[in-house]
Amino acid sequence: MAKPTPDRPLRPATLLVRGGLMRSNQDETSEALYLTSGFVYDSAKQAEQTFTGEVEHWQYSRFGNPTIAMLEQRLAALEGAEACRVTATGMAAVSAAMLAHLKAGDRVVASRALFGSCHWIVSTLLPRYGIQTEFVDGADLAQWRTAFKRPCQLVLLETPSNPMLEMVDLRAVSDMAHEAGAIVVVDNVFATPLLQRPLKFGADVVVYSLTKHFDGQGRVLGGAVLGNKKWIEEVLQPFTRNTGPAMSAFNAWTILKGMETLHLRVPAMCRSAAAIAQMLEERAEVSRVCYPFLASHPQYDLAKQQMAAGGTLVTFDIEGGKEAAFRFLDALRIIDISNNLGDAKSLITHPATTTHSKVAPEERARLGITEGSVRLSVGLEDVADLIEDISTALDAAFGHAAPRPQSAAKMVVEQASAPPSQPEPAGETKPRGKRKAAATTPEPAARVAKPEEPDLFAEAVEGLFHEPRAAEPATEAAPATKRRRKA
């Protein structure tokens with residue numbers, strides 16, 4: 001027997017375990033896995049009425065399935081969306097959200113900082129079907145404003161972006177897009193709904209690769225599209241029903257089970273990512289560190305307004321370009337080289353030769369992706385082990401005489417666990433001088449916390465499930481490619 005639905009809103013951790021739960025007449029504890037392609041009817045009349053929509057009945061697993069429906073309802077509840085449809089992959093979700101809405105003669109404006117396959121859809125695929133496309137620097141509101149002087153039907157953006165973690169002002173862009181007649185589609189895969197909810201800032205549609213974070217254990221592929229009920233049922237559903245980017249019931253069940261621990265995994269990964277980002281800023285071999293909750297990030301204030309924590313990804317530039325970056329990656333002993341992300345295992349990749357290798361070199365340069373850029377997806381290993389692995393690999397890549405002492409990682413963890421201090425006022429962050437690499441044993445990887453610096457470890461947890469602060473009125477932001485380099 002089903003319990004009555006609570007008469008109050010449930011918190012994210014509860015929704016992740018119980019959202020969308022439908023028990024069969026067998027009263028199972030775990031969600032049931034319906035491995036069936038089709039369904040039967042009591043009568044020919046019932047079959048007819050099912051297809052006319054007069055009665056509700058499962059038809060075919062390409063259209064819907066009880067296990068898949070549980071996942072869709074759980075995702076919608078967590079996101080705060082009216083409806084959701086899941087797909088076989090994250091890219092199926094992105095392409096379905098766009099192609100379902102667009103037709104020949106329409107116009108799309110997209111943030112330049114997109115995942116490589118998303119960039120290809122906008123730059124190459126859509127124009128083949130007579131759809132006009134235009135890229136803008138996502139952090140530059142003036143470029144968005146200029147792009148919206150002409151009618152537009154759809155906007156696609158990522159925030160934080162892959163791989164340079166550029167932020168886009170969701171409220172400002174959504175307001176401008178709506179005035180131009182466009183819907184706003186946001187790829188929220190880096191933030192997850194635990195850290196950022198684009199619908200609350202004016203976006204219309206949110207897309208995910210459920211492969212990342214939601215499953216988060218390297219097992220299955222999946223995607224999701226979320227939005228208002230009318231758009232999902234009248235625009236998206238006819239497209240997905242007839243083109244067939246359907247998720248398997250087994251993958252849906254696996255992701256459902258993965259979601260039960262999402263609220264435990266993401267905060268832990270954020271804490272480790274924040275500590276690693278702090279450590280990397282002090283390494284002489286690293287010329288730039290991109291992490292939204294670092295005060296050195298050019299959109300730090302916007303990140304704090306839109307996100308509850310800095311996320312699980314850290315991107316950084318290694319001095320010496322591709323050759324040095326490859327030496328560093330090959331010297332890692334714990335962190336795996338992989339183009340995936342959001343996994344329980346820490347994974348690292350070289351975007352210029354993997355995820356963004358099909359993007360033209362001049363476009364990569366505009367995105368800020370250099371030959372020395374590496375993207376680290378922080379997992380659930382002990383942060384001290386990860387810091388030691390990174391530090392030792394940097395030492396090896398640059399020929400240092402001895403590995404850093406093991407106590408270095410402990411220092412970073414202890415520093416990150418200290419009571420929080422006040423962040424530096426916006427615009428007053430002073431660049432720190434960069435050490436020159438020495439032939440002798442380098443200084444420890446960590447530093448003693450300075451009173452004026454924000455404690456990222458504590459901030460990654462504090463208020464994680466609180467609503468992000470409302471965005472301030474739109475202000476012109478500096479393009480993310482013009483990040484401050486250390487002196």
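L313 sits across from S377 of strand 12 in this predicted model, where strands are DSSP runs of E with at least two residues and helices are runs of H or I with at least four, numbered from the N terminus. Strand 12 covers residues 373–377 and runs antiparallel to strand 9, with five bridges joining them; strands count as paired if DSSP finds at least two bridges between them. Strand 8 (residues 286–290) also runs antiparallel to strand 9, this time through four bridges, and V286 has I318 of strand 9 as its bridge partner.

Strand 9 itself (residues 313–318) is largely enclosed by the rest of the structure, because six of its six residues are buried, that is, under 20% relative accessible area with a 1.4 Å probe and protein chains only. Both faces are covered, with L313, T315 and D317 buried on one side and V314, F316 and I318 buried on the other.

The largest pocket holds about 970 Å³ of space, a pocket being an open set of points on a 1 Å grid where a 1.4 Å probe fits, with protein on both sides within 12 Å along at least five of seven lines. It is lined by 35 residues, and W58, F63, G64, R85 and Q237 come closest to its centre; lining means having an atom within 4 Å of a point. Helix 2 (44–52), helix 3 (66–79), strand 1 (83–87) and helix 10 (229–243) each give two or more residues to this lining.

Residues are numbered from 1 along each chain as its sequence is written. For this predicted model, local features need pLDDT of at least 70, while totals for linings use all residues.

Key. This is a predicted model: local features need pLDDT of at least 70, side-chain atom pairs count only at pLDDT 80 or more; totals for chains, interfaces and linings use all residues. Side-chain values use heavy atoms; hydrogens and water are left out. Grid points are joined across faces, edges and corners, and a volume is the space filled by probe spheres set on the points. Buried means under 20% relative accessible area, exposed over 50%, partly exposed in between (1.4 Å probe, protein chains only).
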